[in-house]
Protein chains: 2
Amino acid sequence: MSSRRATIADVAREAGVSVSTASVVFSGKTPVSDATRSRVLVAAATLGYTGPDPRAASLRRGRSGIVGVVFQDHLSRVFLDPVVTHMMDGLADAVAPLGAGLLLLRDDETPEGASSDPSLTTAPIDAAVLIGCSGRMRDQLAVLEARGIPVVVIEGDAGPHVPRIDLDNHEAQRAVAQHVRGLGHTDVVLLTLPADAVRTFGWIREDREITTDVTRVRLGGAREVFPDAPAFAAESSSIDQGLAAGRAILAAGRPTAVIAQSDLLAAGMIRAAEEAGLRVPEDLSVTGFDGVVVDGLEPYELTTVVQPATDKGRAAGEAVAARLDGRDAASFRFTCTFRAGNTTAPPRL
Amino acid sequence: MSSRRATIADVAREAGVSVSTASVVFSGKTPVSDATRSRVLVAAATLGYTGPDPRAASLRRGRSGIVGVVFQDHLSRVFLDPVVTHMMDGLADAVAPLGAGLLLLRDDETPEGASSDPSLTTAPIDAAVLIGCSGRMRDQLAVLEARGIPVVVIEGDAGPHVPRIDLDNHEAQRAVAQHVRGLGHTDVVLLTLPADAVRTFGWIREDREITTDVTRVRLGGAREVFPDAPAFAAESSSIDQGLAAGRAILAAGRPTAVIAQSDLLAAGMIRAAEEAGLRVPEDLSVTGFDGVVVDGLEPYELTTVVQPATDKGRAAGEAVAARLDGRDAASFRFTCTFRAGNTTAPPRL
DNA sequence: TTGTAGGCGTTATCAT
DNA sequence: ATGATAACGCCTACAA
């Protein structure tokens, strides 16, 4: 019972071998005779040595085995979105073979520039995945680049040289809109994700700039089909927000279809319609986006486009793996799949 | 443009000061004259030095600034539960002042014993928070203890010496049951969380052992008031599961009240009741557990007990902080608060 | 306030 | 198959 933890040197001494041999027993980098191996293992057991200290190993190797995941928002809000959840799962899968764990980093930079401690600048990460998009992302990229840390961006405004995982948001949303128009709808309202960092709830005026990439791009896709459709922005992607927005939309008029930018919003919209005595899809068609399982939406099955959320995460993980391998990772653009449900139908005459 | 990254020694040389001075400029541990400081900073800038290498720093300090969070389940499933989400938020808050980040660790140990790489045994963590409860948790505890890593357990079966964050599940559930009985109900069904690792969906037979702690304890609380109430186990805590279970329950009989072990299950139960033409609370009273915001449940407001999920996470974080500080952390037991909603009423005569 | 020196625990290289 | 040795980059007594 020494006060100090045993080190590999202690183990080597106890086993009567050299440190390098002991080290090799644990890393398996070089063949070792069975006899010596077991001697070392026994020595380790007696000394209560549980393996190399990861800190020392990572200094020596120049690798920590940790991948940072940087969010632009509070963790609680971020994980409420099933798309994010699935992405994380894919990401975790893809980095697992690397022997890497995921370090959650939220962007807490105080406005003053005095960053709080656990930040991008000091975390022992081998690579980083930036998720979402905000003004600060450029700064974050700069910091990471200066540190020489490989970065992959998921659906965000990366610079050149930075591999990004993207989605065909424009095309997918246009496809949905075309489906709706194909059914005969002309009186359509667009229900969008937050339009900017302020997250203003309400009708989007034409002079208002939409700074959130996803929102702007999906809106563009829908407007290609319905150039004049009014758009209403929610504060976040949730059923309750969809419900609130839905009430406001129905209070202002009676469109025959609502194209929502997320499944959760669409679910809320449906509920608002029911509340107003409208039947879906007979009186109102509603479409979603994402293709996530909306808990509690039964018996409806949303007409939506399915985005490969898990695959997006996995692709990001693979891109990270590639960059850590010295290869350079290509950007990748995923494609959504249209899925017809029972929430759209021709408008009533 | 040297091929090697600049180190603090390079910066010191460039600035014409000693390494220790340069080091101090970055750590701020000791006062430095303004003149020297700026010389060092300038030197760092010219050399593209962005601060001490975290790996080296952590070896030297014996700290990595990382707290591991160990889940018993797939990440995607885990984060679907709002309670977990909030806990994570509290946890993140509480460890932030430590300058620590959160490393996601899922328990991936292959059954064969050949653990996959990114594991508890090799992660450079200063402390760990174990969440939930499973058989493997004991092993995990053993590993971490052997490594000398402080552990805090949230709602799980920890050994002695391990601080745990707990909830008064028994008392809280009993309080709910008493409320229900106070309204006059006698024909009650209990709708529970999964009863064991197999997650069997269906009526819980009396000879079946309930291995999941939370489920067993809450059930015990309810049974103290309704000793003979039948119990039906869901596969997971979700609205859809509540709906499915609710259908099964109503197909088997017409209780006047259902006591659910989570708000999500309760929400599904309500939906099942509506579907069956029952009004809540007139024809059927329903109670929940957790006090989370159930997206899309409007206009209902669940009668439930509110658990301080965020506080639980925060407490765990503070316990971690304490143990890293050398103090020892006390276990803590949180109390739920009863909250009357509009989903319970006296039974109809 | 600034400098000197030693070591944190490992692993990679090279020789044996 | 095994061993000696030199980094990895930093921090912190301690001394000046």
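Q: Which residue of β2(B) is the bridge partner of L102(A)?
A: In this predicted model, strand β2 of chain A, residues 101-106, pairs with β2(B) in the antiparallel sense. The two strands are joined over three bridges. Within β2(B), the residue that partners L102(A) is L104(B).

Q: What is the area buried between chain B and chain A?
A: The size of an interface is often expressed as the accessible area lost when the parts come together. Here, carbon and sulfur atoms give 58% of that area. The area buried between chain B and chain A is about 4,300 Å².

Q: How many residues of chain B that touch chain A are nonpolar?
A: On the chain B side, 54 residues are in contact with 53 residues of chain A. That side of chain B includes 15 polar and 14 charged residues. The nonpolar residues there number 25.

Q: Which residue of chain A forms a salt bridge with R55(B)?
A: Between chain B and chain A, the count of salt bridges is two. In the one formed by R55(B), the closest N and O atoms are 3.5 Å apart, within the 4 Å cut-off. The partner of R55(B) in chain A is D126(A).

Q: Which element gives the most residues to the side of chain B that touches chain A?
A: The elements of chain B that give two or more residues to this side are α4 (54-61), α5 (75-78), α6 (82-95), β2 (101-106) and α10 (239-252). The element that gives the most, with six residues, is α6(B).

How values were computed:
Residues are numbered from 1 along each chain as its sequence is written. Chains are lettered from A and ligands numbered from 1 in the order in which they are written. This is a predicted model: local features need pLDDT of at least 70, side-chain atom pairs count only at pLDDT 80 or more; totals for chains, interfaces and linings use all residues. Side-chain values use heavy atoms; hydrogens and water are left out. Contact means heavy atoms within 4.5 Å. Buried area is the accessible area (1.4 Å probe) that two parts lose on being put together, summed over both. A salt bridge is a side-chain nitrogen of Lys or Arg within 4 Å of a carboxyl oxygen of Asp or Glu. Helices (H or I, at least four residues) and strands (E, at least two) are DSSP runs, numbered from the N terminus. Ala, Val, Leu, Ile, Met, Phe, Trp, Tyr, Cys and Pro count as nonpolar, Asp, Glu, Lys and Arg as charged, and the others, Gly among them, as polar. Two strands pair if DSSP finds at least two bridges between them.
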